[in-house]
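Subject: Structure for your attention

Dear colleague,

Please find below the structure that I would like to hand over to you. My findings follow directly after it.

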2 protein chains.
Amino acid sequence: MSTFPVPRPGGRSARVQAAVHQATRQLLDEQGRAAVTVPMIAARAGVTPSTIYRRWGDLAELFADVAVERLRPESDPPDTGTVQGDLLAWADQFRDEMSSELGRAMVRDVVSARSVEAMGELCPCAQFAMCQLGAIVARGRARGQQVPKVEMLMDRVVAPIVYRMMFGLPMASQQNLRDWVEACCDAAATSKSAAGA
Amino acid sequence: MSTFPVPRPGGRSARVQAAVHQATRQLLDEQGRAAVTVPMIAARAGVTPSTIYRRWGDLAELFADVAVERLRPESDPPDTGTVQGDLLAWADQFRDEMSSELGRAMVRDVVSARSVEAMGELCPCAQFAMCQLGAIVARGRARGQQVPKVEMLMDRVVAPIVYRMMFGLPMASQQNLRDWVEACCDAAATSKSAAGA
């Protein structure tokens with residue numbers, strides 16, 4: 001769960017990536033997606049357009065790369081003392097992020113740039129969610145609590161939040177999140193679905 | 001649930017749409033997505049490129065429109081005699097369609113063409129699934145059976161199938177589908193989650 005398809009090169013290459021990402025984020029915020037072009041980004045970042053084409057292929061790939069970096073979590077999920085509390089707090093924040101205009105645009109950019117062949121590979125956005133949920137589950141197990149499996153949390157909490165957002169169904173309500181998290185925790189307490197079993 | 005955002009015009013307009021859709025499908029199958037251009041489609045369909053730009057805006061919109069038509073179900077879901085059997089048969093077929101190369105490409109095209117503003121509107125692909133599930137549920141209720149809510153089926157069966165496919169998690173197994181469908185049917189039998197309650 002620690003290897004990302006996004007390159008993390010050092011030196012000059014890292015500086016170019018940082019400058020291009022920053023220029024892209026600024027231009028997206030200032031001018032909107034439809035107005036931004038590779039030459040504009042190149043001029044702002046102080047590189048040639050061919051550097052961008054060589055490295056990212058096209059604008060869709062570059063937008064996806066920037067979106068993935070924006071979706072990368074910056075810290076561990078907050079610790080509320082219980083698995084159920086941690087999961088609910090995380091799901092609440094995740095739902096809000098995904099349903100924001102920026103979140104929708106980022107997920108759309110990431111999906112758009114996925115080739116059909118690459119769709120069999122784990123997407124960084126799913127990997128981020130799995131890592132955050134994995135951290136909550138590990139923390140709960142360390143406290144001696146019964147914990148649901150990450151796989152179940154992906155199917156029962158993450159999938160409906162993202163599906164509803166992507167396909168225009170009503171956003172998951174607070175009550176939905178409570179029900180979904182509670183169902184996973186109940187399953188952990190009563191059946192072999194528990195990760196500790 | 002009966003109005004689709006896809007226009008269904010009659011007369012000349014309908015003939016143009018049919019010709020352009022057919023040309024697009026043929027060219028996608030023959031040459032692949034990266035090679036197909038608006039002038040190629042126009043030539044094959046016997047229309048001018050400007051007809052296509054005027055009607056669809058760009059190639060992404062046209063691909064999405066063609067994908068939606070391909071995703072539209074052609075018949076009612078098969079009748080196995082029970083709600084659980086009907087749901088499992090439908091989920092099995094839906095999973096296979098969505099996970100095929102064509103299914104992945106179609107969903108990607110539909111998502112790519114959704115503007116951030118339009119992401120609040122119900123997507124035709126979600127609408128197709130809701131209509132099929134609605135038909136199964138209505139048939140079950142007519143048989144006098146306990147039936148789950150369509151909303152629950154979307155969250156617990158459709159969302160994880162599509163999420164797993166889109167973000168590169170392992171495809172839902174036969175056992176996953178059985179578990180998910182059974183859980184919805186159990187909820188219908190034992191709680192106020194039942195559509196009949």
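I begin with Gln146(B), which sits in the loop that links helix H7 (124-142) to helix H8 (150-166) of chain B. Please keep in mind throughout that the model is predicted. Is Gln146(B) buried or exposed? Gln146(B) has a relative accessibility of 52%, and because the cut-off for an exposed residue is over 50%, it counts as exposed. In the chain, 43 residues separate Gln146(B) from Ala189(B), yet their C-alpha atoms are 5.8 Å apart in space.

Asp155(B) belongs to helix H8 of chain B. Its relative accessible area is 8%, so Asp155(B) is buried, the cut-off being under 20%. Leaving out residues up to four places away in sequence, Asp155(B) touches Pro160(B) and, from chain A, Asp155(A), Pro160(A), Arg164(A) and Trp180(A). With Arg164(A), the side chain of Asp155(B) makes a polar contact of 2.8 Å.

Arg164(A) also forms a salt bridge with Glu151(B), in which the closest N and O atoms are 3.1 Å apart. In total, 4 salt bridges are counted between chain A and chain B. Across this interface, 7 residue pairs are in polar contact, both residues having pLDDT 80 or more.

Which helices of chain A supply at least two residues each to the side that touches chain B? They are helix H6 (101-113), helix H7 (124-142), helix H8 (150-166) and helix H9 (174-190). H8(A) provides the largest share of that side, with 12 residues. By type, the residues on this side of chain A are 21 nonpolar, 5 polar and 9 charged.

As for the interface as a whole, 35 residues of chain A and 35 residues of chain B take part in the contact. The two chains bury about 3100 Å² between them, and 64% of this area is on carbon and sulfur atoms. Met119(A), Tyr163(A) and Phe167(A) supply 23% of the area that chain A buries against chain B, more than any other three residues.

Finally, I turn to the interior. In soluble globular proteins, nonpolar side chains tend to be buried together. The largest nonpolar core here has 88 residues, and those with the most contacts inside it are Met166(A), Phe167(A), Met166(B) and Phe167(B). Apart from neighbours within four places in sequence, Met166(B) is in contact with Val107(B) and Val111(B), and also with Val111(A), Arg114(A), Met119(A), Met166(A) and Phe167(A).

Yours sincerely

Notes. Residues are numbered from 1 along each chain as its sequence is written. Chains are lettered from A and ligands numbered from 1 in the order in which they are written. This is a predicted model: local features need pLDDT of at least 70, side-chain atom pairs count only at pLDDT 80 or more; totals for chains, interfaces and linings use all residues. Side-chain values use heavy atoms; hydrogens and water are left out. Contact means heavy atoms within 4.5 Å. Buried area is the accessible area (1.4 Å probe) that two parts lose on being put together, summed over both. A salt bridge is a side-chain nitrogen of Lys or Arg within 4 Å of a carboxyl oxygen of Asp or Glu. A polar contact is a pair of N or O atoms within 3.5 Å; within protein, one must be able to donate a hydrogen and the other to accept it, and residues adjacent in sequence count only if both atoms are side-chain atoms. Helices (H or I, at least four residues) and strands (E, at least two) are DSSP runs, numbered from the N terminus. Ala, Val, Leu, Ile, Met, Phe, Trp, Tyr, Cys and Pro count as nonpolar, Asp, Glu, Lys and Arg as charged, and the others, Gly among them, as polar. A nonpolar core is a set of buried Ala, Val, Leu, Ile, Met, Phe, Trp, Tyr and Cys residues joined through side-chain atoms within 4.5 Å. Buried means under 20% relative accessible area, exposed over 50%, partly exposed in between (1.4 Å probe, protein chains only).
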